[in-house]
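Welcome, and please open your viewer. We will walk through one structure stop by stop, with something to select at each.

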Amino acid sequence: MNVLVTYFSQSGNTEKIANAICEEAAKASDADLKKLEELTPDMVAEYDCIFIGSPLHSGSLAAPVKECLGVLKETSGQQLAGFITHMAPAYPEQDMEAFAEPMKAACKEKGIEYKGCFDCQGFLAESMHAIVQKKLNMDDDQWSEMVKQMTGCPRQEDVENAKTFVKELFA
Ligand SMILES: Cc1cc2nc3c(=O)[nH]c(=O)nc-3n(C[C@H](O)[C@H](O)[C@H](O)COP(=O)(O)O)c2cc1C
């Protein structure tokens with residue numbers, strides 16, 4: 001089996017999880033790590049199993065990830081799993097299912113087996129803090145609590161959980 005781990009990442013959080021997923025996948029099979037921008041649909045079609053990673057942008061997968069899902073090719077026996085990072089401390093199970101919906105829909109349409117989605121918290125890029133604080137209508141105390149909570153994310157624990165997700169998927 002050959003595995004592709006691909007991701008879109010602007011500030012490094014999703015990339016950190018991608019690295020962990022690829023490291024774990026490489027223990028069980030051939031695994032390549034590639035940024036989404038480096039890929040074409042033909043290249044993606046060559047893999048048996050694809051992990052695709054995205055930050056959450058305005059409650060949705062990042063646009064380039066949705067675009068990639070839209071051009072996946074129909075192949076026989078391919079598997080796909082997702083991973084998402086988000087600044088919110090945690091999303092209840094049902095929300096995460098909703099965020100992963102474009103992945104599931106693409107799999108269904110293209111005959112790809114959907115293997116689930118991992119998610120964890122990621123620190124919001126500093127350049128976005130003022131904008132998001134305003135958008136969420138938080139006062140300075142609330143915002144500094146939020147920043148404190150997400151500082152250091154994704155944490156080592158998240159990296160380990162991502163590896164466990166891969167292990168269980170291949171078990
Ligand atoms: C434009 C933009 C929109 C975002 N929207 C959300 C959101 O709706 N919910 C959320 O929890 N985090 C949101 N975030 C935070 C990112 O999902 C989070 O910081 C993620 O870990 C960034 O991943 P990256 O470092 O791989 O780019 C947003 C970030 C950006 C830049």
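**Before you start**

This is a predicted model, in which local features need pLDDT of at least 70, side-chain atom pairs count only at pLDDT 80 or more, and totals for chains, interfaces and linings use all residues. Residues are numbered from 1 along each chain as its sequence is written. Helices (H or I, at least four residues) and strands (E, at least two) are DSSP runs, numbered from the N terminus.

**Stop 1: the ligand**

Which residues come nearest? Of the 21 residues around the ligand, they are Ser9, Thr14, Pro55, His86 and Gly122.

Now colour this shell by class. Ala, Val, Leu, Ile, Met, Phe, Trp, Tyr, Cys and Pro count as nonpolar, Asp, Glu, Lys and Arg as charged, and the others, Gly among them, as polar. On that basis the shell has 12 polar residues, eight nonpolar and one charged. At least two shell residues each come from helix H1 (13–28), strand S3 (49–57) and strand S5 (79–86).

**Stop 2**

Select S3 next. A residue is buried if 20 or more other C-beta atoms lie within 10 Å of its own, exposed if 12 or fewer, and partly exposed in between, with C-beta atoms placed from the backbone. Because eight of its nine residues are buried, S3 is largely enclosed by the rest of the structure.

Which strands pair with S3, if pairing requires that DSSP finds at least two bridges between two strands?

- Strand S1 (residues 2–7) runs parallel to S3, with five bridges. Look for tyrosine 7 opposite glycine 53 in S3.
- S5 also pairs with S3 in the parallel sense, through seven bridges. Here cysteine 49 has glutamine 79 in S5 as its bridge partner.
- Strand S4 (residues 60–61) is antiparallel to S3, and two bridges join them. Histidine 57 is bridged to serine 60 in S4.

S3 and S4 form a hairpin with two residues between the strands. Zoom in on serine 58, found in the loop between S3 and S4. Its phi is near 50°, a positive value in a residue other than glycine. Most residues other than glycine have a negative phi, and most peptide bonds are trans. Serine 58 is exposed, because 7 other C-beta atoms lie within 10 Å.

**Stop 3: where H1 meets H8**

Show H1 together with helix H8 (residues 156–170). Two packed helices are described by the angle between their axes and the distance between the axes. Axes are lines fitted to C-alpha atoms, for helices over the stretch in contact, and angles run from 0 to 180 degrees between N-to-C directions. H1 and H8 pack at about 35°, with their axes 9 Å apart.

Residues are in contact if their C-beta atoms, placed from the backbone, lie within 7 Å. On the H1 side, select Lys16, Ile17, Ala20, Ile21, Glu24, Ala25 and Ala28; they meet Val159, Ala162, Lys163, Val166, Lys167 and Phe170 in H8. The residues of this contact divide into nine nonpolar, four charged and no polar.

Stay in H1 and pick glutamate 15. Is glutamate 15 buried or exposed? It counts as buried, because it has 20 C-beta neighbours inside 10 Å. Leaving aside neighbours within four places in sequence, glutamate 15 is in contact with Tyr7 and Ser9.

**Stop 4: around H7**

Select helix H7 (residues 140–150), which lies largely in the open because zero of its 11 residues are buried. In the loop between helix H6 (129–135) and H7, find asparagine 137. Asparagine 137 has a positive phi of about 60° although it is not a glycine.

Proline 154 lies in the loop between H7 and H8. The peptide bond from cysteine 153 to proline 154 is cis, with omega near 0°.

**Last stop: alanine 171**

Finish in the segment after H8, at alanine 171. Alanine 171 counts as exposed, because it has 6 C-beta neighbours inside 10 Å.

Key. Near = placed C-beta within 6 Å. Pairing = 2+ DSSP bridges. Contact = placed C-beta atoms within 7 Å.
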